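Here is a short report on a single protein chain. Look over the sequence and the model first, then read on.

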Amino acid sequence: MAGTRVSFFSTSPELSNKQRFEYFLRTVPSDTNQADAMVQIIQRLNWTYVSILYEESNYGIQAFTVIEELLKKNEICIAVKERLTKDSGVAGDSYYDNIVQKLMSKPSAREISSRRVCE
């Protein structure tokens with residue numbers, strides 16, 4: 001195959017698009033597998049209402065997008081979703097205090113229930 005590229009560490013689900021990356025191969029699974037495993041753990045714990053923190057990077061944003069889709073598909077609601085700045089030295093204490101306050105405002109996000117209507 002002419003122009004074939006093999007990656008040993010590229011896990012982005014975006015690279016699975018064979019129309020865009022016809023000659024791309026990888027030796028590690030897509031991050032979609034990791035997101036699926038996380039949702040399976042949430043299901044195993046019978047959680048139906050969760051909060052998500054993710055990094056402000058291509059990796060974090062794409063992983064969050066996949067997880068959010070899988071959670072919705074499995075009728076698991078998101079209480080709080082917060083993007084963390086990639087460079088923690090840039091954000092001040094008030095930035096993180098605000099995130100903690102948002103998480104604390106939804107204490108039932110850890111609650112196990114049979115069914116919860118998404119807000």
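Which residues make up the largest nonpolar core? The set is A35, V39, I42, V50, I52, Y54, F64, V66, I67, L70, L71 and I76, 12 residues in all. A nonpolar core is a set of buried Ala, Val, Leu, Ile, Met, Phe, Trp, Tyr and Cys residues joined through side-chain atoms within 4.5 Å. Buried means under 20% relative accessible area, exposed over 50%, and partly exposed in between, with a 1.4 Å probe and protein chains only. Three elements, α1, β3 and α2, each supply at least two residues of this core. The most comes from α2, with 5 residues. A second, separate core has 5 residues, among them Y49, C77, A79 and V80.

**Basis of the model**

The model is predicted: local features need pLDDT of at least 70, side-chain atom pairs count only at pLDDT 80 or more, and totals for chains, interfaces and linings use all residues. Residues are numbered from 1 along each chain as its sequence is written, and side-chain values use heavy atoms, with hydrogens and water left out.

**Overall layout**

The chain has 3 helices and 4 strands. From the N terminus on, the order is β-β-α-β-α-β-α. Helices (H or I, at least four residues) and strands (E, at least two) are DSSP runs, numbered from the N terminus. Of the 119 residues in the chain, 29% are buried. Take the contacts in the chain with a separation of 6 or more: residues 24 or more positions apart account for 54% of them. Contact here means heavy atoms within 4.5 Å.

V66 is found in helix α2. Its relative accessible area is 17%, so V66 is buried. Not counting residues up to four places away in sequence, V66 touches P13, T32 and A35. With the same exclusion, A35 touches V66, I67 and L70.

V50 lies in strand β3. V50 counts as buried because its relative accessibility is 6%. Leaving aside neighbours within four places in sequence, V50 is in contact with I42, L71, I76, C77, I78, A79, V80 and A109.

Two residue pairs give C-alpha distances across the sequence.

| Pair | Separation in sequence | C-alpha to C-alpha distance |
|---|---|---|
| V66 and A35 | 31 residues | 6.6 Å |
| V50 and K81 | 31 residues | 8.9 Å |

Is E82 buried or exposed? E82 is buried, because its relative accessible area is 14%. The place of E82 is in strand β4 (residues 77-84). Its side chain makes a polar contact with the side chain of K102, at 3.0 Å. A polar contact is a pair of N or O atoms within 3.5 Å; within protein, one must be able to donate a hydrogen and the other to accept it, and residues adjacent in sequence count only if both atoms are side-chain atoms. Leaving aside neighbours within four places in sequence, E82 is in contact with I52, L53, Y54, I99 and K102.

S57 lies in the loop between β3 and α2. At 9% relative accessibility, S57 counts as buried. The side chain of S57 makes a polar contact with the side chain of E55, at 2.7 Å.

**The largest pocket**

Rolling a probe the size of a water molecule over the atoms shows where empty space is left. The largest pocket has a volume of about 220 Å³. A pocket is an open set of points on a 1 Å grid over the protein atoms alone, where a 1.4 Å probe fits, with protein on both sides within 12 Å along at least five of seven lines; lining residues have an atom within 4 Å of a point. Grid points are joined across faces, edges and corners, and a volume is the space filled by probe spheres set on the points.

The lining of the largest pocket has 18 residues. M38, I42, S51, I52 and L53 lie nearest the centre of the pocket. α1 (31-44), β3 (49-55) and α2 (58-73) each supply at least two lining residues. The lining divides into 15 nonpolar, 2 polar and 1 charged. Ala, Val, Leu, Ile, Met, Phe, Trp, Tyr, Cys and Pro count as nonpolar, Asp, Glu, Lys and Arg as charged, and the others, Gly among them, as polar.

**Backbone in the loops**

Most residues other than glycine have a negative phi. N46 has a positive phi, near 60 degrees, and is found in the loop between α1 and β3. E75 has a positive phi of about 55 degrees and is found in the loop between α2 and β4.
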